[in-house]
Structures are given as C-alpha cells and as structure tokens.
Amino acid sequence: MQKYKGSTFTVTPTKVETGTKADVEASGLQLDESDSSKVPVYVSATLTHKSGKAMTVGDLDDDLIVRTDKDERARSLIVLMGQAKWPNCPSADTEKQLSAGQSESICNVFLIPQGHQPAAVELSQGFTAAPLEWPVNN
C-alpha cells in the first residue's frame, strides 16, 4: 500500500458466508491435493476511496484475510489461469480505478479447511502494524 501513502479509504465487510464442497466442484476450479478438503468462504465488502491518489480495486486482494475459529488464516483466492464461478459472489473488475468519493462493492473467495468456521475478517496493514479486524457474528 506504499503507493497510496497519504491516501485514505475505507473497507467495510458487509457479509461473510461459508460455502460447500459442492460449490468448489461446481466452480470449475482445479484444486491441488493439499487443498482438496477445503471449502469456500465468501466475503462481501464495500471499498470507498476518501482522498488522495486513485486506487485500483484489485490492490486490496492480497490484504484481506479470513481468520478461522482454529486460528488459521487464509488469503483471498487468486485464480491465475482460467476462471472460477461462485454462487452469490460475482467477480469484481480488479482493474477499475476508484477516485476520491467513489465506492465499489466486491466479493472475495477464501478457502478454509472443512470443519473450520470464519471467526474474523482482517485487513493487513503490513509488517509494522497489527491487522484491522472485524469479528464474524454467526
């Protein structure tokens, strides 16, 4: 986030929903053997650019984290080749620029071990500050 130093924006998680193994199978995503027992968690959020240099919606993909009830952390799923389709979680235009005063609703997918529950959504603030955290209330 160094390229946005001096800019201000808000991230507001609005919904957290745990999916099923069937969602993964229907998504078209090919999982590695080590990920085959994981289920998706869908996190909807609103990004609002308050001031400063325009930001790209996709620049937050690596900064959102889901922490599980067993204290495991998962970063947003990034599909490098092909596409994956998820129910109730449309893909965002990650290249869209937000200028001051603009907002965008996004949905990110995280894979967590089956049997875990999402406990919090975190926003990384780099190595020098603790992440911001929003508890998940089920």
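Student: Anything to keep in mind before we start?
Tutor: This is a predicted model, where local features need pLDDT of at least 70 and side-chain atom pairs count only at pLDDT 80 or more, while totals for chains, interfaces and linings use all residues. Residues are numbered from 1 along each chain as its sequence is written, and side-chain values use heavy atoms, with hydrogens and water left out.

Student: Okay, what is the strand order in the open sheet?
Tutor: The order is S5-S4-S8-S9, four strands with antiparallel pairing. Strands here are DSSP runs of E with at least two residues, numbered from the N terminus, and two strands pair if DSSP finds at least two bridges between them.

Student: And which are the edge strands?
Tutor: Strand S5 (73-75) and strand S9 (132-135), each of which pairs on one side only. From one strand to the next, the twist averages 25 degrees, taking axes as lines fitted to C-alpha atoms and angles from 0 to 180 degrees between N-to-C directions.

Student: How many bridges join S4 to S8?
Tutor: Five, between residues 64-68 of S4 and residues 118-123 of S8. Within that pairing, Val66 has Val121 as its bridge partner, and Leu64 stands opposite Leu123.

Student: What about S4 with S5, how many bridges there?
Tutor: Three, again antiparallel. Arg67 is partnered by Arg73 of S5.

Student: Is S4 buried or exposed?
Tutor: Five of the five residues of S4 are buried, so the strand is largely enclosed by the rest of the structure. Buried means under 20% relative accessible area, exposed over 50%, and partly exposed in between, with a 1.4 Å probe and protein chains only. Both faces are covered: Leu64, Val66 and Thr68 lie on one side, with Ile65 and Arg67 on the other.

Student: Where is Asn88 found?
Tutor: In the loop between S5 and strand S6 (97-98). Asn88 also has a positive phi, near 60 degrees, and is exposed, with a relative accessible area of 64%.
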